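Welcome! Let's walk through this structure together, starting from a single residue and then moving out to the sheet.

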Amino acid sequence: MTSMRERAGRLRDHWYVAARSDEVTTKKPLGSVILEQPLVLFRTSKGRVVVLEDRCAHRNAKLSEGDVWGDRLGCPYHGWTYDCEGRLVNVPSEGPRSLPVLECSVPRFHVLERYGLVWVWMGHGAPDKEPFVMPHFDAEGRGDEEGWGGYWMTTDFANGVTNLVENFMDVPHTVFVHKGWFRRTANKKIKTKVERTKDSVLVTYDQPSDSIGFTGRILNPSGAPMVHTDKFYMPNVTRVDYDFGGERGFVITSTCTPRGPFDTRVYTRISYQLGRWNRLARHLLPPYTREVIRQDVVIMRNQGDNLQRYGGTPRFLSTAADVLHEHIESLRDHATRGDDAPEPRVDVIEMWI
C-alpha cells in the first residue's frame with residue numbers, strides 16, 4: 001500500500017514542520033511522522049539538525065529509539081551507526097574496523113530551522129521554494145518583530161488538513177463551537193470578499209463593529225474599528241488577523257503537519273501587539289487560546305470520526321458561507337491530482353452570524 005507521501009501529488013513538494021526547535025537535542029533522537037513517512041531527528045554538537053528516515057537498514061528497528069553518539073546516530077537493536085548524511089559508519093559485530101563491510105545508508109531529508117520550528121522538505125527532489133514566512137518575526141526568523149510578542153502552541157487533531165484549515169477560517173461555526181468564548185450570535189449580515197489565487201484563498205469581512213471575546217479587556221480598550229481577514233496559503237497554512245486601528249493586533253497563524261489521513265499535528269503561532277500590555281498578555285492569553293483550540297479539537301474529532309464511519313469520502317453540501325471552503329478544497333484537490341491550479345476568481349458573498 002502506498003503512503004500518503006506517494007499519494008499526495010504536488011502536495012508533497014513543500015516544507016512541513018517536523019518539530020519545534022527546542023524539542024530536538026544532542027542527547028536523544030526524536031521521532032516524527034509527515035505524510036505517513038517516519039522520520040528521526042537529532043542535533044549535532046555544532047547545533048545542526050539532521051533528519052533521516054526512521055528505519056535502520058539492518059533489521060528495520062526504529063532509529064528514533066536509539067542514541068546519539070557524538071554526531072552519529074546509533075540503532076537500539078544491534079548498534080549500527082549512521083553519520084549526518086545517513087551513511088553507515090560502524091557495525092559493532094564486525095569488530096573495531098575503520099569502515100563496515102557493507103556500504104549502505106538510510107535516506108536523508110533536506111531540513112531548515114526557522115521561526116523556532118524544524119522544517120523538512122518532503123519532495124523527492126531538491127527544494128525549490130522557502131518555508132512559509134511566519135508573520136511578525138524578525139528578518140532572521142529567530143525572534144519577535146519589534147513591538148510584537150508571541151508564543152507557539154502544538155495541538156494534535158483527529159482530522160485531515162483540508163478540514164482543519166477550513167475550520168480555522170470558518171466564521172459561522174464560532175457562535176456554536178466557541179459560544180461565550182469567542183463570539184456570540186449577532187444576527188447580523190456580513191458582506192464578505194473571497195479571492196482565490198493560484199496558491200491562496202484570501203477572505204476579508206466588511207464588519208468594522210465586530211469583536212472577539214476578550215477584545216474589550218485586552219486587545220481593543222479604545223474600541224477602534226476591527227479589520228478581520230482570513231488567509232489560506234497552500235498547502236497547509238492559515239493566517240487569521242484582527243487589526244484594531246493599526247496600532248494593536250492579534251494574529252493566529254497555523255501550519256498543519258499531516259501525519260496520517262485523519263491525524264494532523266498543528267503548530268499555532270499566537271502573535272500580539274498590545275503596547276504596554278505585551279508582557280501581561282504572555283500570561284493572560286495562553287489559557288484563553290488553549291480553551292478555544294480545545295473546543296476545535298472536539299468538533300474536528302466529531303467530524304473526522306463520522307467521515308471515517310461513512311467511508312472517509314466527504315459528502316458535503318454548501319451555501320454561500322462555504323465558498324471559501326470550496327476554494328480551499330479545489331486548490332488542494334488539484335495539487336493532489338497533479339493538475340494545474342484552477343483559475344483565479346473573486347466572489348462577494350453575504351452570510352449571517
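Where is Ala321 found? Ala321 lies in the loop between helix 5 (278–309) and helix 6 (323–337), where helices (H or I, at least four residues) and strands (E, at least two) are DSSP runs numbered from the N terminus. Bear in mind that this is a predicted model, in which local features need pLDDT of at least 70, side-chain atom pairs count only at pLDDT 80 or more, and totals for chains, interfaces and linings use all residues. Residues are numbered from 1 along each chain as its sequence is written, and side-chain values use heavy atoms, with hydrogens and water left out.

Ala321 is buried, at a relative accessible area of 15% (buried means under 20%, with a 1.4 Å probe and protein chains only). Leaving aside neighbours within four places in sequence, Ala321 is in contact (heavy atoms within 4.5 Å) with Pro172, Ile349 and Met351.

Now for the sheet: it is open, with 8 strands in the order 11-17-16-15-14-13-12-18 and antiparallel pairing (two strands pair if DSSP finds at least two bridges between them). Strand 11 (149–157) and strand 18 (345–352) are at the edges; each has a single partner strand, so one side of each lacks a neighbour in the sheet. Within the sheet, strand 15 (residues 237–244) and strand 16 (residues 248–260) pair in the antiparallel sense over 8 bridges, and Asp241 stands opposite Val251 in strand 16.

Helix 6 comes back here: it packs on the sheet, touching strand 12 (189–196), strand 13, strand 14 and strand 18. The direction of helix 6 makes about 170 degrees with that of strand 13 (axes are lines fitted to C-alpha atoms, for helices over the stretch in contact, and angles run from 0 to 180 degrees between N-to-C directions).

Notes: Buried < 20%, exposed > 50% of the residue type's maximum accessible area, 1.4 Å probe, protein only.
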